[in-house]
Amino acid sequence: MSPKLTDTQKERRNLQILEAAKRVFTEKGYGAATLKDIIQETGMSRGWIYLYYQTKEDIFEALLDYQDADYEQYINQLMDSSSSIWEMVTTIYSQQLQELHRSPHGGLMPAFYEYFLVGWREEPRRELLLERYEKGIAQFAELLRFGVEREEFSPVMNIMDISRLAASFQEGIMTHYIAIGPEKANTRMQYEALMLYLKNLLHPVSIKET
């Protein structure tokens, strides 16, 4: 019989599973990774894992939620530490580029694209992809809209459209990174071009002194 855990202990074990899964998915991608790989990486028994998750897919989707929460915290910290919204935008993309070059496999992003693009015909997975896409577009648009309200941006087109264009540009960068590698794709140049594109669309203006 398994010992009864406190809520704190349960949360700690759940995070242990998700962190182990992140390492496995980063190393092997989604398709090649197995539930057995994740169990071995956690150092737990199969029975303990089944108390939390039944499938590799369950773990991956929980990991995405965990990553989302971590990213929202990161955005809130940036909001507190940045002098302008444009500085936040440049920092966000700069951090993305650094993460790609820091990890030999590009971090978790290749597994993310493999999971959704390969499985896009599966209705539940497609619905999740659309949900995450719309949420991401809305969040970035909200950030840009805040910059407009603070009179930092003078956009040449609708903010939501700018957010969608930026997402499409970014998706193209990631697809090339995964397919042919950062050197041939010249990922750094593409990110610099994306920032120039956004700058032309948003027209950042001087921050007024208060």
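Q: What covers the buried residues of α5?
A: Buried means under 20% relative accessible area, exposed over 50%, and partly exposed in between, with a 1.4 Å probe and protein chains only. The cover of the buried residues of α5 includes α4 (56–81), α7, α8 and α10 (187–202). This is a predicted model, where local features need pLDDT of at least 70, side-chain atom pairs count only at pLDDT 80 or more, and totals for chains, interfaces and linings use all residues. Residues are numbered from 1 along each chain as its sequence is written, and side-chain values use heavy atoms, leaving out hydrogens and water.

Q: Which residues of α5 are buried?
A: An α-helix has 3.6 residues a turn, so residues three or four places apart point the same way. In α5, the buried residues are Ile85, Trp86, Met88, Val89, Ile92, Tyr93, Leu97 and Leu100.

Q: How many Å should helix α5 span?
A: The expected span is 1.5 Å times one less than the number of residues. Helices are DSSP runs (H or I, at least four residues), numbered from the N terminus. Helix α5 (residues 85–102) has 18 residues and should span 26 Å; its end C-alpha atoms are 25 Å apart, which agrees.

Q: Which residue caps the N-terminal end of α5?
A: Ser84 does, with a side-chain oxygen 3.0 Å from the backbone nitrogen of Glu87.

Q: Is Ile49 buried or exposed?
A: Ile49 is buried, at a relative accessible area of 0%. This residue is in helix α3 (residues 46–50). Contact means heavy atoms within 4.5 Å. Leaving aside neighbours within four places in sequence, Ile49 is in contact with Ile17, Leu35, Ile39, Thr42, Met44 and Ile59.

Methods: Helix = DSSP H or I, 4+ residues; strand = E, 2+ residues; numbered from the N terminus. Polar contact = N/O pair within 3.5 Å; in protein donor to acceptor, adjacent residues only side chain to side chain.
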